[in-house]
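Thanks for coming, everyone. Let me put the structure up, and then we'll walk through its packing.

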Amino acid sequence: MLNRFLSFIKKHALNSEGEKWLLAVSGGMDSMVLLNLCHQAGFNISVAHCNFNLRGEESDADAQFVKDTCSRLKIPYFEKHFDTKSYVSAQGISTQMAARDLRYAWFNELLKEQNLDKLAVAHHAQDNLETVLLNLARGTSISGLRGMLPKSKNIVRPLLGFERDEIENFAKQENIEWREDSSNASDNYKRNYLRHQVIPLFTQLNKGFYSTFENTLEKNLEVEKVFQEKINVLKSYIEKVEGGYRFSKDQIIQSGIGAFQLSELLKPFGLNYEQSKELLLALEGISGKIFTTNSHQFTVDRAYVFITLHQPNKLESFLIEEGQGQFSLSGQTYKVERLNNNIEVDRNSAKAFLDFNKLTFPLEVRAWKEGDHFFPLGMKGKKKLSDFMIDQKIPLNLKDQIRVLTSEGNIVWVIGYRIDNRYKITEQTKEVLSISPY
């Protein structure tokens, strides 16, 4: 088995010369076999053991057993105790998920602190089958059907090509001692239920099931690679623009891609499969539809879908007092000056030059709202602010960022776009209020 073990490591390039591995060792059969094989191979290894304090004296005995083994083999040993039950209660997750979170967080800390290169875990072929079946039961994509990989970032799985029976036979032949976890006998855990009740049915149907399964995983891995190549091509559809990203509605429609491809393309922005199905339907509908994820907002505009950070409009209005020299808005600082009328007016819409004597202080800065209207400079009559934004071709994704300056409730300036005609400078103006960004 040692030769096959080394061949598997070489085939998947799991270990480079001089690398230092951290082995996750529970004391169970699989991890003790991994420890034995790595020791026989002469690898530079350290061992990490987690005591989750879930089985009382049994947990403590597991830890002592692993510690004694490492002492005998002269292997560096690290141990950590966790208050798993408290973590489960605080996070509202399952015990198994809590144990996974806790141990991997600690493993990553150890890798950095001890200057170790990789984490080696004892997952084998049956673990991989259980993972795929669980993914299938929950709903999954192609990556979930190709199972765990021999190498994933800094995690290696040198036993992934071995069946559990092979590992057990090797352990007995080599007189490798291990500890049995009493919780493995319970079907209360999903993995145990699959192990005891479901997988035996597959092996009854096909005695060579594990070999067949391994071939299926290899095929799925090839399919995933082809699929990812397609997704990488589609990434060129997304372009960076002011305020975020966008992609053309027509380009997506004409490409003929389905909801799954779209969900994979937009996964970095948090869009899931169900939302992707709705988004595809919205592309050929009326503009204005908005989809939100935990991190981003998707706004279906006339020709594009805009992707922006999901930042709900939480701006509270604030006042500008007479004589106040500056204010800040959305990270931009504005200078406020009171000048005489002997100035050259800058027509830059980012600045406002207003007739001071027509203003009533304090002025107010607030977010725009439906029903707002004003008299845009250069236009005749009153106009709804929503219509003005359409005329200005302000994308839907930027409309939530529009702020207005008001005097006695009247819009004086749509900040950054247009002042109100009623407050413009005329020949009769004696003093000017100048507002400009620093």
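Aromatic pairs, then. This is a predicted model, and a search of the whole structure gives 18 of them. Take Phe5 and Phe43. Their rings make a tilted pair, with 6.5 Å centre to centre and 35° between the planes. Phe5 belongs to helix α1, residues 2-11, while Phe43 is in the loop between α2 (29-41) and β2 (44-51), so this pair ties together parts that are 38 residues apart in sequence. Buried or exposed, Phe5 and Phe43? Both are buried.

Next pair: Tyr104 and Phe107. This one is edge-to-face, at 5.8 Å centre to centre and 85° between the planes. Both residues sit in helix α5, residues 95-113, and because they are three residues apart, about one helical turn separates them. Tyr104 is buried, and Phe107 is too. The pair also belongs to a cluster. Ring pairs link Tyr104 and Phe107 with Phe52, Phe82 and Trp106.

Rings also meet charges here. The charged end of Lys240 sits over the ring of Tyr245, 4.7 Å from the ring centre. Arg246 lies over the face of Tyr304, and there the distance to the ring centre is 3.7 Å.

Now the nonpolar cores. In soluble globular proteins, nonpolar side chains tend to be buried together. How many residues does the largest nonpolar core have? It has 34. The top contributor is α2, with seven residues.

Look at Val47 in detail. Setting aside neighbours within four places in sequence, its contacts include Leu22, Leu23, Leu35, Val66, Ile75 and Phe78. Cys70, Pro76 and Tyr77 are also among them. Apart from this core lies another one, of 22 residues, including Ile238, Leu279, Phe298 and Val305.

On to a polar residue. Gln297 is in strand β10, residues 296-300. Its relative accessibility is 11%, so Gln297 counts as buried. What does its side chain do? The side chains of Gln297 and Thr299 are joined by a polar contact of 3.2 Å. Beyond four places in sequence, Gln297 touches residues including Phe291, Phe306, Leu309, His310 and Asp400.

Last stop: strand β19, residues 403-407. Five of its five residues are buried, so β19 is largely enclosed by the rest of the structure. Which residues point which way from β19? Arg403, Leu405 and Ser407 point one way, Val404 and Thr406 the other, and all are buried. So the burial covers both directions, Arg403 included.

Who are its partners? On one pairing, four bridges join β19 to β16, residues 363-367, and these strands run antiparallel. Val365 stands opposite Leu405 there. Another four bridges join β19 to β20, residues 410-414, also running antiparallel. In that pairing, Ser407 has Asn410 as its bridge partner. The hairpin of β19 and β20 has two residues between the strands, and Glu408 takes a positive phi near 55° in it.

That's the tour. Over to you for discussion.

Key:
Residues are numbered from 1 along each chain as its sequence is written. This is a predicted model: local features need pLDDT of at least 70, side-chain atom pairs count only at pLDDT 80 or more; totals for chains, interfaces and linings use all residues. Side-chain values use heavy atoms; hydrogens and water are left out. Buried means under 20% relative accessible area, exposed over 50%, partly exposed in between (1.4 Å probe, protein chains only). Two strands pair if DSSP finds at least two bridges between them. Rings of Phe, Tyr and Trp (its six-membered ring) pair if their centres lie within 6.5 Å; planes under 30 degrees apart count as stacked, over 60 as edge-to-face and the rest as tilted. A charge sits over a ring if NZ of Lys or CZ of Arg is within 6 Å of the ring centre and within 35 degrees of the ring normal. A polar contact is a pair of N or O atoms within 3.5 Å; within protein, one must be able to donate a hydrogen and the other to accept it, and residues adjacent in sequence count only if both atoms are side-chain atoms. Contact means heavy atoms within 4.5 Å. A nonpolar core is a set of buried Ala, Val, Leu, Ile, Met, Phe, Trp, Tyr and Cys residues joined through side-chain atoms within 4.5 Å.
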